[in-house]
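Please take the sequence and the model together, and follow the paragraphs below from one site to the next with the structure open beside the text.

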Amino acid sequence: DVCSSDLFSIPVTAESWLVADEDGKIIQSENASEVRAIASITKLMNAMVVIDARQSMDEKIGQFTRLQLLLMSLVHSDNNAAKALCNAYPGGNYACIRDMNRKAEALGMENTKFVEASGLSHMNISTGHDLIKLVLAAKEYPLIVEASTSPDIKVRVKKRVLVYNNTNPIIRKHPEDFIVSKTGYNRASGGSIVMMVKKGVEKRIVVLLGSKTTKTRIPEAEFIAAAY
């Protein structure tokens, strides 16, 4: 195993990171209890409460179905898709955000708070420790696993087919290695990612927050997953 100091042999810019086993037990971490903005990682919680509500996946919301919006939100991190899902939630946007926070509380995510559905707000916050619980919950949703392992999705709108690429580019190379994956970025959060990946016969959860850019978060997460 690589010890913590060895991480400084590569430019790990993330301000908070951890790697845990498939049961959520932390193997190594830096600043994992630090409360930080989480940007579009928010969309995992949004997707879970929308799925929990058991509304029709075929229902049209504007020009897209609920299923299409979920996939656009999870795969391509489409902000408008996440907002539309919350607006069409039973009780509307207020109830959607309320239930995202209630689910976080039920999962034991004590330092997590959501104020909107997309992750654009810097007030959507969590910690590395809490996000382990989010990943472990998300892996129980087949639709989220499907989205996490899809290099892209094709959405038909009338006579057009729209292609949305996954915001995690390494899924195109190794989709079979992923179970859960969600990227995030805004100015407050920096480059961020949560993922659960297969590592031989084992699995690893990686949470990485506050990486310098959207381009540094993936190599850093890959390195941390491989190192432990």
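Asp130 touches Gly108, Met109, Glu110, Asn111 and Thr112, when residues up to four places away in sequence are not counted. In this predicted model, Asp130 belongs to helix α5, which runs over residues 128-138. With one of the residues it touches, Glu110, the side chain of Asp130 also makes a polar contact, in which a polar atom of that side chain lies 3.3 Å from the backbone nitrogen of Glu110. What is the nearest side chain of opposite charge to Asp130, and how far away is it? It is Lys133, at 4.5 Å, and because a salt bridge requires a side-chain nitrogen of Lys or Arg within 4 Å of a carboxyl oxygen, Asp130 is buried yet has no salt bridge.

Is Gln68 buried or exposed? Its relative accessible area is 17%, and because buried means under 20%, Gln68 counts as buried. The side chain of Gln68 reaches the backbone nitrogen of Thr65 at a distance of 2.9 Å. If its neighbours within four places in sequence are left aside, Gln68 is in contact with Gln63, Val155 and Arg156.

After α1 comes Arg54, whose phi is positive, near 55 degrees.

The last stop is the largest pocket, which has a volume of about 200 Å³. Which residues line the largest pocket? They are Ile170, His174, Asp177, Phe178, Met195, Val197, Lys198, Lys199, Arg204, Glu222, Ala225 and Ala226. The elements that give two or more residues to this lining are β10, residues 190-199, and α7, residues 217-227. Of the lining, the largest share, four residues, comes from β10.

Definitions and conventions. Residues numbered from 1 in each chain as written. Predicted model: local features only at pLDDT ≥ 70, side-chain atom pairs only at ≥ 80, totals over all residues. Heavy atoms only, no water. Buried < 20%, exposed > 50% of the residue type's maximum accessible area, 1.4 Å probe, protein only. Lys, Arg positive; Asp, Glu negative; His and termini not counted. Polar contact = N/O pair within 3.5 Å; in protein donor to acceptor, adjacent residues only side chain to side chain. Contact = heavy atoms within 4.5 Å. 1 Å grid on protein atoms, 1.4 Å probe; cavity = no way out; pocket = protein on both sides within 12 Å on 5 of 7 lines; lining within 4 Å. Points joined across faces, edges and corners; volume = space filled by probe spheres on them.
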